[in-house]
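The exercises below are meant to be worked with the sequence and the coordinates side by side. Try each task before reading its solution.

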Amino acid sequence: MADAGLPLGRRDPWTEPPMGLLAELTHRCPLQCPYCSNPLELERASDELSTAEWCRVLDEAEALGVLQVHLSGGEPTARQDLEAIVAHARGLGLYTNLITAGVLLDERRLQALREAGLDHVQLSFQGAKPETSDRIGGYRGGHAKKVAVGRAVRAVGLPLTVNAVVHRQNLDELEDMIGLALELGAHRIEVAHVQYYGWALLNRAALMPTREQLEAATAIVERARRELRGRLVIDYVIPDYWAKRPKPCMGGWGSNVLNVTPQGKVMPCHAAASIPGLTFASVREHPLRWIWQESPAFQVFRGTDWLPEPCRSCERKEIDFGGCRCQALALTGDPTATDPACELSPFHRALFEVASAESTAPPPPFVYRRPMREAPALGPVRLQA
Amino acid sequence: MSLAALAETDTVGLPPWVRLRFDRVRDRWVLLAPERVLFPCPTSVLILERLGDRRRLGEVIDALAEEFSAPRATISADVRRMLQDLADQGFLSVEARETMHG
């Protein structure tokens, strides 16, 4: 699709400050999760931003109003300068959150990160049982390492969130994942159903839970929230395909978060590169302030003026902003369409039927995320209205 | 286990994953926690500043009642409401002074 297919976008500079910066320090990762959230085309290690460049980005982000920096990847601990980046961010007063798979960490490095000023660690688990976790992450021995790293996080005195990405092949371990979070001394667990963009869309049929699985999981979360109130915070993200209304993707396009890729491209969300016709400015060529306030890729879906019907006259338009642009594009071919997760979308019925059919058929094998592999072509995923 | 109502003998404070700081860009106080940012009202900031590292709830109420020459019962109700709300969201650490108590 050419640029002509995109809205003109907002013209006045956006003066609201961003809250968070998602710093994708690298796309390198030892795990091969079939729902990897990095783009289909990964950026090369040799082109990654240097330590000095990241420090400058953090300076600009803080001046712009960013309060929290999420150090992510790929696997951010693959960068040997992580401590220096953390120290710089913390020196600026930024809240520093490390989002890690953990398998490259040990207690010594965690101690160094704590001394650098790290505020918080989010450690991912792919299941509660070692065999499940290792199979899904495609990394033998990974689960045992993660458990050891979770203990080490607490041993050095860092606060811990357990990240549990759930789907049809690990949902029966959800209670045990909550138990694992408690056992490790985590104060929070994030239970997030897979969202089907990018690589996860390739594996949708292998991951889609049944309606019954989703309902059972929601009941487990609600009970655990009641029973563990004040002890464990549980954040819960449900899958779009079984939803009635879409999520406000990233809290609204260009409203809260900046995502900086390993090479310094700045995007409103980590999947935005999937939308053809958008050009993302780089911190190597432009000030972060200009990128946030005025660059076309941030302005294009800002606010509600660009919204099509039925969003335009919807009372929820300031709540969900029409949902996710990347999902609208992937499933309808039109990035300006109403997210099919919304029951008012003409594609919603077809979305529901896909979820029903795929979740009840035997799961196909995973297409693992392998670093050196060519991005496979995404098969026919477009829905019929 | 649901969280019991706060007792005056409880020690309360911000847990290590929560930070209160002044944000000069927005010109207001912010409370930072994993994936959450709260913008506490000026009254809440007064309370949060007086928690210090960690302190007994009764002492926090005494200090505010004296400082603002306000009835202790009024201050107590405001402080409890605000701290209970924070505790429920996981933004407050609470330690009972005696574990066998009540």
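**Exercise 1.** What percentage of the 102 residues of chain B count as buried? Then describe the fold of chain B through its elements, its dimensions and its contacts.

*Solution.* Keep in mind throughout that this is a predicted model. Step one is the burial count: 25% of the 102 residues of chain B count as buried, where a residue needs 20 or more other C-beta atoms within 10 Å of its own. Step two is the secondary structure, which in chain B comes to three helices and six strands, arranged from the N terminus in the order β-β-β-β-α-β-α-α-β. Step three is the overall extent: the C-alpha trace of chain B spans about 45 × 35 × 20 Å along its principal axes. Step four concerns contacts in chain B between residues at least 6 apart in sequence, of which 57% join residues at least 24 apart.

**Exercise 2.** Which positions does UniProt list for "binding site", and where in chain A are A:Cys29 and A:Cys33 placed?

*Solution.* Begin with the record: the unreviewed UniProt entry lists A:Cys29, A:Cys33 and A:Cys36 under "binding site". Next, locate A:Cys29, which is in the loop between β1 (20-24) and α1 (51-64) of chain A; A:Cys33 is likewise in the loop between β1 and α1 of chain A.

**Exercise 3.** Are A:Cys29 and A:Cys33 buried or exposed, and which residues do they touch, not counting those up to four places away in sequence?

*Solution.* For A:Cys29, the count is 23 C-beta neighbours inside 10 Å, and therefore A:Cys29 is classed as buried. Leaving out residues up to four places away in sequence, A:Cys29 touches A:Gly73, A:Gly74, A:Glu75 and A:Ala101. For A:Cys33, the count is 23 C-beta neighbours inside 10 Å, so A:Cys33 is also classed as buried. With residues up to four places away in sequence again left out, the partners of A:Cys33 are A:Gln126, A:Ile136, A:Gly137 and A:Arg369.

**Exercise 4.** How many residues does the contact take from chain A and from chain B?

*Solution.* Counting each side in turn gives 21 residues from chain A and 18 residues from chain B. On the side of chain A that touches chain B, the elements giving two or more residues are β3 (95-100), β4 (120-125) and α9 (211-227) of chain A. Sorted by class, that side of chain A has six nonpolar, nine polar and six charged residues.

Technical notes. Residues are numbered from 1 along each chain as its sequence is written. Chains are lettered from A and ligands numbered from 1 in the order in which they are written. This is a predicted model: local features need pLDDT of at least 70, side-chain atom pairs count only at pLDDT 80 or more; totals for chains, interfaces and linings use all residues. UniProt positions are given in the numbering used here, feature names are shortened, and annotations may be inferred rather than shown by experiment. Helices (H or I, at least four residues) and strands (E, at least two) are DSSP runs, numbered from the N terminus. A residue is buried if 20 or more other C-beta atoms lie within 10 Å of its own, exposed if 12 or fewer, and partly exposed in between; C-beta atoms are placed from the backbone. Two residues are in contact if their C-beta atoms, placed from the backbone, lie within 7 Å. Ala, Val, Leu, Ile, Met, Phe, Trp, Tyr, Cys and Pro count as nonpolar, Asp, Glu, Lys and Arg as charged, and the others, Gly among them, as polar.
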